[in-house]
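Subject: Structure for your study

Dear colleague,

Please find below the structure that I am handing over to you. Kindly look through it before reading my notes.

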Amino acid sequence: MNFCYRLSEDEDVHLTFVMVEKKKLVNLFSQCPVCSSEASLRENCSGSLLTIHQLCDNDSCQFKRVWKSQEQLSRGTSEGNIAISNAIFMSGSSPAKALKMFKFMGMHVISYAAYMQHQKTFIIPSVDYIYDEEKAACMARVAGHSLTLSGDGRLDAFYHTTVVFFKSNETGGSSYMEKEGLRRCLASVMQSATVKELVTDRHPQIRKYLRDECPEVKHSFDTWHIAKGIILIYLSLFPWLMIEKEIIRLVKEKGL
Ligand SMILES: [Zn+2]
């Protein structure tokens with residue numbers, strides 16, 4: 001039986017690393033490439049980066065070289081180390097657990113402190129840069145248009161989501177964050193486009209805000225939130241139905 005998972009050509013292009021046993025790798029350097037004499041090796045690891053110092057034992061040759069298992073980006077930082085931090089961050093994994101997994105495998109890996117440093121120095125600034133770039137491109141596409149938008153304060157609803165970051169103490173509490181998020185989104189969009197209609201849930205503060213502050217915007221309620229409300233009313237009226245538990249389970253599972 002073949003347990004190998006064959007990758008398509010498209011997938012293969014994006015795969016950069018392979019897992020190699022350290023002793024197999026070190027064996028490749030045990031012989032001088034010039035005179036074939038035995039060579040002395042000195043190895044050290046910085047996170048997942050392996051550096052091998054090779055020196056030929058033949059006094060008349062004395063060939064020496066330094067080999068690194070990855071491209072070194074700066075002092076103490078290599079492509080593989082950054083790739084580990086990036087993969088943990090982008091997959092939403094717990095860094096402590098992910099790094100522990102590597103240690104259980106016996107694999108050289110970055111420290112938790114290095115992960116935090118990578119996150120602060122490289123990853124978050126990169127996310128900010130791409131976010132700003134994508135946002136600018138999106139705004140350029142809709143500039144001058146009359147738009148119908150939909151949005152929600154949740155990040156896991158079934159929509160493409162525009163994310164607005166701010167601290168809860170800027171708004172006087174988390175209950176005001178949804179309204180403040182909407183206010184900032186609308187202000188940003190309205191700099192270059194017109195919003196003719198906005199589809200949201202029935203959050204009372206949102207309804208009041210749009211009624212008072214944006215009377216020119218038609219406010220509609222989305223059917224998904226209305227359907228959720230009907231299901232909950234239905235369950236409260238007919239609690240004896242056998243399907244109740246299953247519906248509740250599905251509601252929870254689907255995040256309704
Ligand atoms: Zn040699």
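The notes below describe what was found in this structure.

This is a predicted model, in which local features need pLDDT of at least 70 and side-chain atom pairs count only at pLDDT 80 or more, while totals for chains, interfaces and linings use all residues. Residues are numbered from 1 along each chain as its sequence is written.

The protein has 9 helices and 8 strands; these are DSSP runs numbered from the N terminus, with helices being H or I of at least four residues and strands E of at least two.

Three of the strands form an open sheet in the order β1-β2-β3, with antiparallel pairing (two strands pair if DSSP finds at least two bridges between them). Strands β1 (39-46) and β3 (64-68) are at the edges with a single partner strand each, so one side of each has no neighbour in the sheet. Between β1 and β2 (residues 49-56), the antiparallel pairing runs over 8 bridges, and Ser 46 is opposite Leu 49 in β2.

Of the 256 residues, 13% count as buried, meaning that 20 or more other C-beta atoms, placed from the backbone, lie within 10 Å of the residue's own. The largest nonpolar core has 6 residues: Ile 84, Ile 88, Leu 99, Val 109, Ile 110 and Tyr 115. Such a core is a set of buried Ala, Val, Leu, Ile, Met, Phe, Trp, Tyr and Cys residues joined through C-beta atoms within 7 Å.

Leaving aside residues up to four places away in sequence, Ile 110 touches residues including Gly 47, Ser 48 and Tyr 115; contact requires C-beta atoms, placed from the backbone, within 7 Å.

Yours sincerely

Technical notes
A residue is buried if 20 or more other C-beta atoms lie within 10 Å of its own, exposed if 12 or fewer, and partly exposed in between; C-beta atoms are placed from the backbone. Two residues are in contact if their C-beta atoms, placed from the backbone, lie within 7 Å.
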